[in-house]
Structures are given as C-alpha cells and as structure tokens.
Amino acid sequence: MGGVSWNPLRSRDGRQPKLPVYESLTAPSKERDSNDSYDYSDDDGYSVTSSSPGTSNSRVTSGSISTATPIMSKRNFAVPRRTFGYRLPNKIVRYLCFGLTSFILLMIFTLIRASHNENKAIAEGRIDRPHSAPPIWDSYPFLTRYYGGIRNLVSLSQSNPEYPRAKGEPPVDKLSYVNESNWKSDAQERGLPASKEYIMYPQSVFQNAPEQFNECYLDKANKVRVPPIRYYDGRPNGFPEAVLGSHELLGLPEDICFERYGRYAPYGFGYSVRSGGLGTGEHGEKEGFESTWDKVPQVDWKGMDWADVQRRCYRANAARYKALPAKQPSPQGFFVDENTAAMDLQTRDTLPNESLQSKNNEATKEKGSAPASEKEPVGKQLPRTAVVIRCWDEYFWREEDVMNIRSLISELVLASGGRYDVHLLVQVKNDAAHPIWADAATYKRRIEETIPEEFRGLVTFWTETQMLSLYQGIFDLFARGPDLPVHGVYRGLQMAMQHFAYLHPEYENYWQWEMDIRYTGHYYDLFTKVESWAKEQPRKGLWERNSRFYLPSVHGTWEDFKQMARVQSEMGTTGADNIWDSVPGAGKQSQPSRGEKPIWGPERPKDPKDWFEPEDDPVPETTYEKDKYVWGVGEEADYITFNPMFDPEGTTWGLADDITGYNTTEGNGMPPRRAQIITASRMSRRLLMKMHRETAFFKHHAFPEMWPATVALQHGYKAVFVPHPLYVDREWPTEIFAHTLNNGKNGATGGSRTSVFGQREHNLIGLTWFYNSGFAPNLYRRWLGLKVNNDGGEEFEVTVDESKNATSVSEMRGGEGRMCLPPMLLHPVKDVELPVEANPEEKVEVPESDPGA
C-alpha cells in the first residue's frame with residue numbers, strides 16, 4: 001500500500017487497457033456548442049479524453065487530462081432482474097384461461113342471440129318504441145254535431161255545417177245548434193217529422209233508373225215481402241260535411257238521413273224473437289218506429305233459407321241476364337250414371353239451363369202469367385255480380401251481424417231482381433281437426449256447427465293447405481315472419497278469391513266484402529252508383545287521380561281536381577324527397593324535370609321474362625297527347641276501390657316489398673306496383689283469372705292489398721278509385737289535412753318516405769273508413785243507441801241537460817232523439833253487443849235448491 005498513492009479524482013479509465021485515443025482538437029465538443037436539450041451519450045467523452053498520459057500530442061498535459069476526466073465514475077443503469085416471491089401452479093393457470101375463454105365465447109353467443117331476436121322482432125313489428133310526442137291532430141277539438149238527433153232536423157240548404165269552416169269565418173257557437181224544445185207527449189208539438197220509404201226518394205236508383213223485373217219474395221208462395229227501409233228529410237242541425245269525397249259527385253243522397261229503426265227494423269230489429277225478430281232494439285227511444293210496417297207487415301225470419309231465396313229470384317228474372325256458361329266436365333275420371341245424378345243433385349251454381357227453363361215454365365203455369373224468364377230475351381243481356389263476404393268458421397255471430405247480412409241480401413239480390421248473388425267465403429282455420437276435404441259429412445257438419453241456419457246454403461269453405469296445394473312453388477319472403485306464410489289468410493287472402501272466381505264462371509264481376517263493413521244507406525243504391533260512376537271515367541290521367549285523396553273544400557270541383565293531378569304529375573312538385581336537388585354539397589344531381597311519365601297502357605316489368613300473356617292486354621286507341629279524355633269512357637272497370645291506389649316504392653309501408661316471383665337482379669329493380677288499404681273492392685273476372693293464372697304458372701304474387709292493383713297496372717286494365725264521402729272526427733284545418741294526406745311524390749299519396757301510408761297512418765284513424773279507424777265503430781255504436789266512453793245512450797237521447805255548454809262531446813245537452821246519419825260507409829265495425837231478450841225456445845233448468853223454483 002505504501003507504494004501506491006490513492007487519488008479519488010483519478011479517472012476510472014485508468015483501470016482500463018491503455019489504448020491510444022484519436023482526438024479532434026480543432027472541433028468543438030458537443031458539450032460546449034450544442035444548445036439542444038438532449039442528454040449526452042456515453043460516446044461524447046471520447047473526443048476529449050485520453051486513455052494514457054503518454055501521448056504524442058504535446059498539448060495534452062496532466063492538467064488537461066484531469067479536466068477531461070469525470071469527477072465521478074459512470075453508474076450502471078441496467079435494470080436488475082426482479083424475482084417473484086410466488087408463481088401460480090400451471091393447473092390453476094389452465095383453469096383461469098379456460099374460464100376466461102368460456103366467458104368470452106358466452107358473451108359472443110349472447111350478443112349474436114340478442115341480435116337475432118331483435119332482427120326477428122323488427123321483422124314481425126314487435127319492437128316497443130319509446131313514447132313519442134303526441135301527433136298534431138291530438139290538439140284539434142272533437143266535432144260534436146255528428147250526435148244530433150231526429151228532433152233537430154233541418155234541410156240541407158238551411159244547415160250551417162259545423163265543419164269544414166272557410167278561412168275568416170267566425171268561430172261556431174255550438175249552443176246555436178241546440179233545439180230547445182222540451183219533451184212533450186205530442187209528436188207534432190215536438191217537431192218529429194214523418195219518415196218516408198227510400199224506394200220513393202226522388203234521387204234514388206229506383207226513381208232515377210227504374211228497372212223492369214219480376215218482384216222477388218221471401219217465401220215460395222210469393223207472398224212475403226221485405227219492408228222497405230225509411231229515411232228522414234234533412235240532417236241534424238250543424239251536421240258536418242264530408243271532408244273527403246263527395247255525395248254529389250257519385251249521385252249519393254246528401255239531403256236525407258237514416259236512424260236505426262228506419263234502417264234495420266225491416267230485418268228484425270225492434271221486435272221480439274216470438275214475433276220472428278231478433279229480440280233487440282225493444283228498449284230506448286222508439287217513437288215513430290212503427291211506421292216501418294205501415295204497408296208491409298213484420299217478417300217472421302225464423303226458418304229463412306237465403307240460398308233458396310236467391311235461386312228463386314234469379315229464376316224469375318233469368319231472361320234479363322246473360323246465359324249461364326255450360327258446366328265443364330270434370331277431368332277426374334267418370335261416373336257411370338253421371339247424367340242421372342246431375343239431375344238429382346242440382347245446385348245453385350251448376351244448375352243446367354234445360355232444367356232451369358223447365359222449372360221456370362212450371363212456375364209460369366202456377367202463377368198464371370208468363371214471367372220474363374219464359375219470354376225471349378229483350379234488349380241487352382245484363383251481366384251478373386257475386387258479392388263474396390269473407391269470414392272464418394270460428395267467427396262469433398251476433399244479432400247485429402245477422403241483420404246486416406239480411407239487409408245486404410235483401411237490398412242487393414231482391415231489390416235488383418237477381419242481378420247480384422251473395423256468398424260466404426269461410427276459412428276453416430283448423431282443417432287438421434276438421435278434415436272437410438276428406439269427408440262430405442264433415443264438411444256439412446262444420447257448416448251446421450258454425451254458421452246460422454239461414455245462411456248455411458251460402459257457404460264455400462277454404463283452407464290454407466288447400467291454397468298451398470293449388471299455388472305450389474311460390475318463393476316465400478316471410479315478410480311478416482315465419483308465422484305468417486304466403487299461403488295464409490293474412491298474406492294470401494286473394495288466393496281464395498281467385499279460386500272462387502275460377503269455380504264460378506257465371507259471374508262477370510266479384511265484390512270482395514268484409515264482415516265488419518257497414519253502410520247506413522241502401523246497398524243497391526250504393527253499388528249501382530259506384531259502378532256507374534267508375535264506368536264513365538276516362539283512362540287519361542286515371543292512375544294519377546287514383547293516387548290522390550279528393551278534398552272538395554281544398555281542391556274545388558272534380559274538374560279542378562283532375563287538372564291539378566295532371567299538372568302535378570307532368571310538372572312535378574317540391575317535396576321532402578327532392579327539396580335538396582341541385583343544392584351544392586347535397587350529393588344529388590340536378591334533374592331537368594321533376595315530372596313523371598303518365599301511365600298510358602300496360603306498365604310492364606323490366607325483364608320481358610316476367611311478362612305474362614301480354615298479347616291479351618288492352619292497347620291504347622291513340623297516343624296520350626291526342627286522346628281527348630275519350631278512351632275508357634263507357635268501359636266497365638276491372639278494379640274498383642274505396643281508397644287511393646298508391647305507389648309503395650320509397651314509402652315506409654311495411655309490406656311495400658312483399659312481392660315475389662319477379663326478377664329483381666341484373667339492374668331490373670322492383671316491378672311496377674300499386675297498393676290500396678282495405679281489400680274491399682270489385683274485381684272483374686278478367687282480372688281475377690289473370691291473377692289466378694299468373695300465380696299458378698309464373699309464381700307471381702304480392703300482398704293481398706297490393707296484388708290486384710299491381711296486376712291491373714302491369715296488364716293495362718281499368719282501375720278506379722271511387723271518392724266516396726268520408727267524415728273525420730276532429731276539426732282538422734283542411735289545408736293541413738290535404739297536405740298530410742297527399743304528401744307523397746308530386747302531390748300523390750305514395751312514392752315517397754313522407755307518404756301517409758306507413759309510419760304516418762295514424763293521421764287516418766279519425767276517418768270513417770280505414771282499417772284501424774277508431775271513429776267508425778264509435779259512431780256506429782252511438783247511432784245504434786249504445787253508450788261509448790260513457791256518452792250517449794237512452795238517457796242522452798230523451799233528456800235535455802241545460803247545465804252543459806255543448807262545447808265538447810261529453811258536454812252536449814242531449815234530448816234531440818235518435819241519431820240520424822246520411823249514407824256513409826263505415827269500417828271497421830266489430831263485436832257490436834246489443835241488448836237481447838232471452839230466447840223463449842231455450843229452456844232454462846232451475847235447480848231444486850233454488851227458493852224461487
């Protein structure tokens with residue numbers, strides 16, 4: 001140690017091997033010249049530090065060496081290796097990894113399942129949407145003067161309608177409508193007018209266009225007649241006008257009204273079951289109802305057979321109509337004694353002409369005068385029409401249903417001399433439990449179990465499995481989920497109608513009707529005038545007019561409306577679907593014209609392979625520009641509807657794409673199509689047979705509310721929307737209402753996401769005609785004398801409450817008598833429960849323990 005001197009400032013480099021270090025003395029060191037904030041690297045010191053004091057550079061002295069040598073040795077910043085105190089066993093690690101993997105997989109499958117369920121719920125419409133803001137119409141007040149009565153009638157010219165009101169008119173004082181006459185025993189002092197027979201109404205079809213035919217009776221002895229329905233002149237004071245459609249346009253009566261006894265008393269309403277009635281309507285305000293039977297006595301409806309009544313009515317007037325087509329021989333083998341059996345098993349629809357003529361001759365001899373059926377046909381032979389009412393075997397028949405069907409048959413069949421026939425097209429929902437196709441006795445027994453006796457002869461059964469066997473090979477889109485197949489009653493309803501028409505070639509037209517439709521006027525008057533108006537409509541601009549609601553208070557006359565529809569279609573309008581066109585940055589190309597090509601002739605799909613029998617389609621007589629509204633005038637309509645036929649393309653209607661069998665690939669897109677809500681309509685045999693064959697052979701089909709109009713569009717058939725009068729329950733501003741309804745493409749109802757059909761259908765709930773109308777059933781029940789929402793009823797009809805101010809429905813004073821409505825179509829009207837007396841024929845067993853026994 002003595003020979004070694006310890007210098008704490010000695011560089012650690014001295015302990016390293018003595019190697020020469022080349023220095024750059026002229027270049028300044030990085031430590032002196034750099035202003036950067038970077039940390040110096042370990043190599044920086046080599047430019048000024050020598051590893052040996054013995055160097056050839058004389059400038060390197062001991063002082064310089066000591067200056068370049070760091071004062072303290074460099075520290076080693078290497079991170080020492082850390083050791084854990086404990087390591088999990090591999091077995092536990094494996095378990096943890098397995099659990100984590102299982103949890104991740106479980107979460108993945110749960111999310112997939114939730115996504116699948118949500119997509120299914122969306123497809124089936126079961127998504128519970130959050131409560132949104134109430135619609136704008138919810139703020140409009142209810143109209144009250146619908147509920148006026150027969151003690152407060154005024155003529156149409158003197159009536160001041162509560163609605164619609166023109167701009168600038170002062171608010172209505174609803175108390176001014178109230179008739180302040182008190183209840184008195186004398187009808188004349190109370191101002192109750194006398195009712196009249198509708199067949200004598202000057203503007204009825206019976207007076208405007210009387211027909212000569214042999215009268216039809218209810219019994220075989222030709223003695224029992226149906227009493228005519230009765231009306232009152234005028235309307236309840238302040239009764240609103242129709243907001244949509246027009247009485248005047250169609251020739252329907254507007255200056256009269258019907259109350260419940262005048263409308264339904266001829267059909268068993270208002271008298272007991274013992275007397276042959278329904279046992280309903282025997283209580284409440286009844287004054288004046290006896291006049292129904294002034295000339296024709298009450299009918300005992302027990303034991304009625306409507307199928308036989310219709311046969312006899314036709315036979316008595318067979319010479320007026322076109323000859324029945326010959327019965328086609330069955331291709332299913334032969335029956336060894338077929339001719340004899342045919343004579344013994346004659347039915348209403350397969351009656352041979354020879355037998356019909358012989359029976360008419362026998363009836364002539366018994367009656368003592370030659371009926372029209374025996375004489376040679378005179379004049380033009382008339383076509384006949386079937387009215388097919390859809391029903392199902394589990395339908396619960398009520399007294400109100402019975403009197404409605406009685407009125408339908410009496411007013412269409414008997415009043416027309418057999419021009420119409422009424423059928424019931426009944427679905428058997430469970431044909432596994434009731435194998436009607438396998439056994440005739442089962443078929444008959446199911447009719448007897450489910451249908452009232454008087455209507456059993458009208459029934460034609462059908463099932464979903466039958467439609468599946470008839471129309472095989474249709475590609476099912478399951479537009480409403482797997483529970484609603486294309487052959488089912490919801491999506492394949494038209495299939496049953498197509499097959500019915502195939503089985504009944506004796507008719508040229510077929511009205512498809514529903515059990516929940518009511519008409520407060522005379523059915524024959526309605527059908528005749530609707531058919532006549534549709535026949536006179538020209539084809540030019542027809543599809544454009546068909547796609548719009550007609551509001552007379554906004555659109556003016558029908559001619560004004562026609563021109564408006566033409567201008568909007570040809571020139572186009574600004575709407576939500578094109579408002580951003582030509583705006584920079586909107587991403588839409590400028591379009592030179594917003595107008596549409598008018599529909600003139602068939603509108604075929606793009607792919608010619610989708611054209612079905614195009615050689616049979618009608619061809620326009622001239623060009624669209626040269627036609628002077630001539631083509632189509634006098635031509636029977638193939639399709640008549642009571643709602644606009646809209647273009648579903650681009651709308652939010654949930655069934656817009658429920659159309660199958662067409663080639664939509666290769667840029668073809670969806671085929672041209674139209675739809676109308678509510679299937680009630682008239683279809684020609686030509687249209688139904690085209691639908692039948694196209695479904696069977698080309699596998700084309702669409703939703704029932706879209707299929708008839710689509711076939712008519714693609715084949716160039718004449719389709720007409722009839723603007724019948726519709727009433728609304730609230731005080732809508734008419735301009736807003738018109739814009740809301742015709743808010744589609746170019747002023748139509750469809751063709752755009754802003755269409756009223758789809759998510760905006762709630763705006764139609766307040767009308768008297770829509771599939772989910774809330775106003776129609778309430779108005780009908782009030783008209784029958786029932787209470788609705790604790791309003792109406794017998795007390796309201798006979799008692800005046802002067803403490804009320806008449807500003808709302810619940811604040812009406814009452815005492816105006818039975819409600820009186822002008823002729824109007826109402827839908828839907830379901831499950832009307834009328835007070836019914838006990839049937840005396842049903843024996844009630846009294847228990848022995850009962851003290852009153």
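Predicted model: local features only at pLDDT ≥ 70, side-chain atom pairs only at ≥ 80, totals over all residues.

Tutor: Residues are numbered from 1 along each chain as its sequence is written, and side-chain values use heavy atoms, with hydrogens and water left out.

Student: What pLDDT does the chain average?

Tutor: pLDDT is the predictor's confidence in each residue, from 0 to 100. The chain averages 84, and 80% of the residues score at least 70. Residues 1-17 stay under 50, and the model has 11 contacts for them beyond four places in sequence, a contact being heavy atoms within 4.5 Å. Residues 345-375 are also below 50 in pLDDT, with 49 contacts beyond near neighbours in sequence.

Student: How many helices and strands does the chain have, and what share of its residues is buried?

Tutor: Helices (H or I, at least four residues) and strands (E, at least two) are DSSP runs, numbered from the N terminus. The chain has 23 helices and 18 strands. Buried means under 20% relative accessible area, exposed over 50%, and partly exposed in between, with a 1.4 Å probe and protein chains only. Of the 853 residues, 47% are buried.

Student: Which residues touch the most other members of the largest nonpolar core?

Tutor: A nonpolar core is a set of buried Ala, Val, Leu, Ile, Met, Phe, Trp, Tyr and Cys residues joined through side-chain atoms within 4.5 Å. In the largest, of 164 residues, they are Trp306, Trp397, Phe455 and Trp513. Helix H11 (residues 399-414) supplies the largest share of this core, eight residues. Apart from that core lies another of six residues, including Ile150 and Cys820. Leaving aside residues up to four places away in sequence, Trp397 touches Val402, Leu424 and Phe455, among others.

Student: How is strand S7 placed, enclosed or open?

Tutor: Eight of the eight residues of S7 (residues 420-427) are buried, so the strand is largely enclosed by the rest of the structure. Both of its faces are covered, with Leu424 among the buried residues on one side and His423 among those on the other.

Student: In which sense does S7 pair with strand S6?

Tutor: Strands of a sheet pair through backbone hydrogen bonds, either parallel or antiparallel. Two strands count as paired if DSSP finds at least two bridges between them. S6 (residues 385-392) and S7 are parallel, over eight bridges, and Val388 has His423 in S7 as its bridge partner.

Student: Where does the model show antiparallel pairing?

Tutor: An open sheet of three strands, in the order S2-S3-S5, is paired in that way. Strands S2 (196-197) and S5 (256-257) stand at the edges with a single partner strand each, so one side of each has no neighbour in the sheet. Two bridges join S2 to S3 (residues 230-233), and Glu197 stands opposite Arg230.

Student: What does the side chain of Arg491 reach?

Tutor: A polar contact is a pair of N or O atoms within 3.5 Å; within protein, one must be able to donate a hydrogen and the other to accept it, and residues adjacent in sequence count only if both atoms are side-chain atoms. Arg491 lies in the loop between helix H13 (464-470) and helix H14 (493-503), and counts as buried at 2% relative accessibility. Its side chain reaches the backbone oxygen of Leu484 at 3.0 Å and makes a polar contact with the side chain of Asp658 at 2.9 Å.
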